[in-house]
Amino acid sequence: MNEVILDDQDRSIINALQGGFPVCDRPYLEAASRLGISEDELISRIETLLKSGVLSRFGPLVNAERMGGGLTLAALSVAEDDFERVAELVNAHPEIAHNYEREHEYNMWFVIATETKQEISTIINAIEAETGLSVLNVPKMEEFFIGLKLEV
Amino acid sequence: MVVNVAIAEDNDAVASDDELALIEALCVGLPLDPRPYKVLASRLGMTELEVISSLESLIGRGIIRRLGVVVQHRRLGYTANAMVVWDIPDEMVDEIGKRMGEVDFVTLCYQRPRRAPDWPYNLFCMVHGSKRETVLKQVQNLADELGIDDISNEILFSSRQFKQRGARYKNGRKQ
């Protein structure tokens, strides 16, 4: 994956929009004027950042629990030579939102997001049956920060 | 009276069908048009004002946390991504968690259950950096600053990312 180089203007746009986007009839104009650029320039820069993949989404960050859905973080301890097979089985479930390989005995970490809270255990049971491995399920108990914000 | 209050709070917590349709339309991406809420409104058979007031209400009730962008850290060269896990004594976890969440390079901070005997850690945070050495230094600084350098932790660097998508909703249903 090629690294994308941003200029200062891109950086200030990303930093500003990670914190939120105005809700009014001309939101781009309002955000642009805070950044000291024109409405057109802001729109075209966001478009370019989305196309280059620097931004993966421009939309709502939804509170899954308030939507009635289930959400958890889970992990598997997978043998090195079995990793690809297990990754395919896990990723085949559309309920898997993220999946990372990490350097640890628990080397596969994924987020499960389901339509209802009850379905979390259905997916975990399915993954255990398919892979023959036992899932470490560590749902959130308390949230101390949901900024998801990284100054760039 | 207590019962009425409870019902009111409950209704407040749930998105209506119209609101769910709006969230679904938004998940595709905010229109890149000077009047994005007007574009959404015409797709949904609503007025621009209705879209704006629904969004204000959804944000006010915490159903939508915020509108904005999600950054692909790896695309920007932040290839060192660590999940740091800590075994914090239960009576300290609230205070440590709050302070950890305020540190500027920590992007997420959650309390999660321990799973004995394999998993002793109850506090998780994410730290991103351009290099591993940077992240390791940040974690050391974090431990020093919060006075938890004697508490056991592990740093789980990611070596590969398979999947990253936001949850998508259709008629209030996850897809």
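Modeller: Two residues are in contact if their C-beta atoms, placed from the backbone, lie within 7 Å. Please keep in mind that this is a predicted model.

Biologist: With that in mind, which residues of H3(B) meet which residues of H4(B)?

Modeller: On the side of H3(B), the residues are B:Tyr37, B:Lys38, B:Leu40 and B:Ala41. Their partners in H4(B) are B:Glu48, B:Glu50, B:Val51 and B:Ile52.

Biologist: How does that contact divide by class?

Modeller: The contact of H3(B) with H4(B) has 5 nonpolar and 3 charged residues, and no polar ones.

Biologist: And at what angle do the axes of H3 and H4 of chain B cross?

Modeller: Roughly 105°, and the axes come within 8 Å. H3 covers residues 36-44 of chain B, and H4 covers residues 48-60. Angles of 65 to 115 degrees count as roughly perpendicular, and H3(B) and H4(B) are therefore roughly perpendicular to each other.

Biologist: Turning to chain A, how far apart are the axes of H1 and H3 there?

Modeller: The axes of H1 (residues 8-18) and H3 (residues 39-51) of chain A are 11 Å apart, and the helices pack at an angle of about 90°. That angle makes H1(A) roughly perpendicular to H3(A).

Biologist: Which residues make the contact between H1(A) and H3(A)?

Modeller: H1(A) provides A:Gln9, A:Asp10 and A:Ile13, while H3(A) provides A:Leu42, A:Arg45 and A:Leu49. By class, this contact of H1(A) with H3(A) has 3 nonpolar, 1 polar and 2 charged residues.

Biologist: Now the domains. Where are they in chain B?

Modeller: Domain 1 of chain B runs over 2-60, and domain 2 over 73-157. Their C-alpha centres lie 35 Å apart.

Biologist: Then the interface: how many residues does each chain give to the contact?

Modeller: Chain B gives 66 residues and chain A gives 67. Among the elements of chain B that give two or more residues to its side are helix H2 (17-27), helix H5 (93-101) and strand S3 (106-111).

Biologist: Which element gives the most on the side of chain B?

Modeller: That is S5(B), with 10 residues. By class, the side of chain B that touches chain A has 32 nonpolar, 17 polar and 17 charged residues.

Biologist: One last topic: in which sense, parallel or antiparallel, do S1 of chain A and S1(B) pair?

Modeller: Strand S1 (residues 55-62) of chain A pairs with S1(B) in the antiparallel sense, over 7 bridges. A:Val62 stands opposite B:Ile64 of S1(B).

Notes
Residues numbered from 1 in each chain as written. Chains lettered and ligands numbered in written order. Predicted model: local features only at pLDDT ≥ 70, side-chain atom pairs only at ≥ 80, totals over all residues. Domains from an automatic or database assignment. Axes fitted to C-alpha atoms, helices over the stretch in contact; angles between N-to-C directions. Helix = DSSP H or I, 4+ residues; strand = E, 2+ residues; numbered from the N terminus. Parallel < 35°, antiparallel > 145°, perpendicular 65-115°, else oblique. Nonpolar A, V, L, I, M, F, W, Y, C, P; charged D, E, K, R; others polar. Pairing = 2+ DSSP bridges.
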